[in-house]
Amino acid sequence: MSELYIGLMSGTSMDALDAVLVDFSTTPMKLIASNTFPISKDIKEKLVALCTPGDDEIDRMSQLDNQLGLLFADAVNTLLNTANISNKQINAIGSHGQTIRHMPTGNYPYTLQIGNPSVISEQTGITTIADFRRRDMAAGGQGAPLAPAFHNAVFRSEHQDRIALNIGGIANITILPADKSKPVTGFDTGPGNGLMDVWCLQYQNEPFDEEGQWAATGKVQDNLLKQFLADPYFKMASPKSTGREYFNPDWLDQFSEIKNAKPEDVQATLCALTVESIAQDIEHSGASQEVIVCGGGAHNNYLMGQLSKRLSGCQIKSSAALGIEPDWIEAIAFAWLARQTRNNLPGNIASVTGAQHDAVLGAIYPA
Ligand SMILES: Nc1ncnc2c1ncn2[C@@H]1O[C@H](COP(=O)(O)OP(=O)(O)O)[C@@H](O)[C@H]1O
Ligand SMILES: [Mg+2]
């Protein structure tokens, strides 16, 4: 059976679709092709609108489900063309889908990702595996984070404790003890780049703060930072997961102080919130010799610098230092998760998500 898999990932930032083609027949695995495909302003606006309750959701969601399915399929076909590889050579696509609601608490917790996998399968001729998160939730888990099993497979070291830190719209950590008898744990620490993106768009008209240059001109407002950090999410015990349903413009609006502060100071303080919430959780984990950073936040030099200063006792490095560019880790994780499902192997880690057991995740849409 072919060991070529495609992974499709579009996270809470909704900045772009990341697509990778990976060969798992070698150790380490080989990234054959990778590309990022823009998500148009129109689609992004429609997606953001679906993240909060509104009118006629079923119709809007179902149309967008298909629109994204077509976009994802186009991305796969383009990726294959670039790599000069035929669809027949690919074992399966692992498609995360775009999260439009993640509600892990309540009587009937749910999580919803769209990007119609039937359309992907039909348009690419490749078996598509999707809907990974709901199985973990059905087993009593948070449905997130799911990258930890992959982090465990590729980043765990026998020699030192490591933490994999993903800074996307939301940030999450995976604690990888050197001692193999210890369980892998992990959870969403809170906002990653998401709130900074929101603020930057509002005051700089840019989708994100390039290398954190704008934040670097501001001054952290200690009192405001304290108020941010008083949010109950940061004190909650794991397992826990969150999303833009919670950390969003409405969340920011509750802090009246931001209206009187200089916008660049707020940006610096939001960056400090990301740094501090991550640092507190890493310190608390006790297993922090080496922190491997992935996700778009790894490109925010100011953020990375602040994190290194704050966690001076541990080595902070981009995943690039271990041979995988930070931008592709999450998409590769979904290629890997598809392979797990194909091989009837679990994709979650119960000690991370809080599920009752490890489970084979996802639904298979045959070619
Ligand atoms: N050069 C850069 N400078 C600063 N921030 C960046 C840079 N490149 C990416 N980012 C940040 O990373 C985010 C995208 O990260 P990503 O890992 O794709 O998140 P998600 O999984 O939520 O889509 C962007 O929205 C932006 O905030
Ligand atoms: Mg992204």
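**Salt bridges and backbone geometry in the predicted model**

Asp42 counts as partly exposed, at 40% relative accessibility (buried means under 20% relative accessible area, exposed over 50%, and partly exposed in between, with a 1.4 Å probe and protein chains only). This is a predicted model, in which local features need pLDDT of at least 70 and side-chain atom pairs count only at pLDDT 80 or more, whereas totals for chains, interfaces and linings use all residues. Residues are numbered from 1 along each chain as its sequence is written, chains are lettered from A and ligands numbered from 1 in the order in which they are written, and side-chain values use heavy atoms, with hydrogens and water left out.

The side chain of Asp42 meets that of Lys46 in a salt bridge, at 3.4 Å from N to O (a side-chain nitrogen of Lys or Arg within 4 Å of a carboxyl oxygen of Asp or Glu). Both residues belong to helix H1, where a spacing of 4 residues places them about one turn of the helix apart (helices are DSSP runs of H or I of at least four residues, strands are runs of E of at least two, and both are numbered from the N terminus). Lys46 is partly exposed, with a relative accessible area of 35%. A salt bridge of 3.6 Å, N to O, is also found between Lys41 and Glu45. Because Lys41 and Glu45 are 4 residues apart in helix H1 (residues 41-50), about one helical turn separates them. Lys41 is exposed, with a relative accessible area of 65%, while Glu45 is partly exposed at 48%.

Between Glu276 and Arg310, the closest N and O atoms of the salt bridge are 2.9 Å apart. Glu276 lies in helix H12 (residues 263-285) and Arg310 in helix H13 (residues 301-310), so the pair ties together parts that are 34 residues apart in sequence. Glu276 is buried, with a relative accessible area of 17%; Arg310, at 26%, is partly exposed. A network of salt bridges links Arg162, Glu290 and Lys317. The search of the whole structure finds 9 salt bridges.

As to the backbone, most residues other than glycine have a negative phi, and most peptide bonds are trans. A cis peptide bond joins Ala144 and Pro145, with omega about -15 degrees; Pro145 is located in the loop between helix H4 (133-138) and helix H5 (148-155). Ser238 and Pro239 are likewise joined by a cis peptide bond, with omega about 5 degrees, and Pro239 occupies the loop between helix H9 (232-235) and helix H10 (249-253).

Asn205, although not a glycine, has a positive phi of about 55 degrees. Asn205 falls in the loop between helix H6 (194-204) and helix H7 (213-216) and is exposed, with a relative accessible area of 64%. For Asn344, phi is positive and near 60 degrees. This residue, Asn344, lies in the loop between helix H14 (329-342) and helix H15 (350-353) and counts as exposed at 59% relative accessibility.

The chain as a whole has 15 helices and 13 strands. Of its 367 residues, 55% count as buried. Its C-alpha trace spans about 55 × 50 × 45 Å along the principal axes. Among contacts (heavy atoms within 4.5 Å) between residues at least 6 apart in sequence, 68% join residues at least 24 apart.
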